[in-house]
Amino acid sequence: MTKKVSIIGAGAVGATLAHRVLESGIADVVLLDIFKNIALGKAMDLSDASAVVAHERTIIGTDDYKDIESSDIVVITAGLPRKPGMTRDELISKNAGIIKDVALKVKTHAPKSIIIVVTNPLDVMTYLTYKITGFSKNRVIGMAGLLDGSRFIYLIASALGVPRSSVETYVLGSHGDTMVPLISKTKVDGKPVTEVMDKAKLQAIVKRTCDRGAEIVSLFGSGSAFYSPSAAVFKMIESILKDKKETVAASAYLEGEYGLNDLYIGVPCKIGKDGIEKIVEFDISADEKAALARSAEAIKVLNKLLQ
Ligand code: APR
C-alpha cells in the first residue's frame, strides 16, 4: 500500500522535506499549516512539477488534521525558528505552546503513526511530544544527531581534502551548545581522526560544528537552516519506511541507557519499521560519558521549565 507522510508546518523545513519525500517517490505527502493558503500553494506548486519530474505521487496542502488520518509518519516542524543572536533554548515558551496543540491533534487523528520532531529546542520538544501523545517511546523520535554528524563530517572532509564518504562519526547529546561529537568513534578511511588531524584543528572543527546552525542563522538574518535538517529527516523516513535498521544518532527517550533517565537526548539508535528499535550503547570514553551527562543536565533544566 502507498505510504503516507504528513508534515506539520509548511515553512522552510516542512516544504523542503515535502519536496524531498514527494520527488523521491517513497510516499504520498500531506502538508499542513495553520496558514492554510501557504500549505495549499506549496502543495499546488509541487504538484505542478510532478509531470516534468515524472512521478505519480500526490501531495495535498491543508489546515485540517482529518487529512493526516492513517499516516505512517508525522513530522512536526511547526514552530518558530531562531533569530540572529538567539539560542535554540530561547524558543522554548513559544514553541512549547505550538507543540502541545499539534501533538494532541496528531494523537487524535494519527494514533498509529511514528512521529519525528524537528522543532527546537529539539530534545525538549520531543520530550513534550512524548508526554502529550502518550505514544510508546519507540514511536516518538527527535531529529538532530544525524544533522550535527553530517555537518561535522562535511567540515572534517573539507579540511582534509578527502571524500565525505570516507569519514564516519556520531554526534550525541543535546542539539545545542552541549552537543557531544564522539571523537573516539570518528574515523577517516577507517583510521582514528586523531591520527590524521592535529588536536587544535579538530577542536576548531568541533566548535564550528556546534555553532554551524547559528552561523547560518546570522547569514540569513531571518530564519534558520532547512536544506540539511530536511535531508536528515528524509534519511530517517527512508530508514523507517524501508525498514533499513540503520544505526544513526537521534533523540530518544532513555531509561537507564548511558546511565541516564527520563529525558530525550541524542544517542545512537537503530531505526526501522517500528521507529527506534534499539538504543545502541557504544563503549565511549570517560570524557565523552561526562560530556553526555553535562548535556543531559542542560536538557533536564529546560524540561523542568515545561511544567
Ligand atoms: N500548527 C501548524 N503550523 C504551525 C503552527 C501550528 N500551531 N504554528 C506555526 N506553524 C507553522 C508556521 O505557519 C510556519 O509555516 O510552522 C511553520 C514554520 O516554518 P518556518 O517559520 O519557515 O520555520 P522552519 O525554518 O521551517 O523551522 C521550523 O524547525 O529547525 C527547527 O528551529 C526550527 O523550530 C524551528 C522549526
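Helix H6 has 16 residues and spans 22 Å from its first C-alpha to its last, close to the 22 Å expected at 1.5 Å a residue. That expected span is 1.5 Å times one less than the number of residues. Helices here are DSSP runs of H or I with at least four residues, strands are E runs of at least two, and both are numbered from the N terminus. This is a predicted model, where local features need pLDDT of at least 70. Residues are numbered from 1 along each chain as its sequence is written.

Just after H6, Gly-161 takes a positive phi of about 70 degrees.

The largest cavity has a volume of about 40 Å³. A cavity is a set of points on a 1 Å grid over the protein atoms alone where a 1.4 Å probe fits but cannot get out; a pocket is an open set with protein on both sides within 12 Å along at least five of seven lines; lining residues have an atom within 4 Å of a point. Among the residues lining the largest cavity are Gly-145, Asp-148, Val-171 and Leu-172. H6 and strand E8 (171–172) each give two or more residues to this lining.

Now the largest pocket. About 830 Å³ of space lies in it. Of its 40 lining residues, the closest to the centre are Thr-77, Ala-78, Gly-79, Leu-80 and Pro-81. H4 gives the largest share of the lining, five residues. Domain 1 (4–142) and domain 2 (145–306) both contribute lining residues, so the largest pocket lies between them. These bounds come from an automatic or database domain assignment.

Terms used
This is a predicted model: local features need pLDDT of at least 70, side-chain atom pairs count only at pLDDT 80 or more; totals for chains, interfaces and linings use all residues. Side-chain values use heavy atoms; hydrogens and water are left out. Grid points are joined across faces, edges and corners, and a volume is the space filled by probe spheres set on the points.
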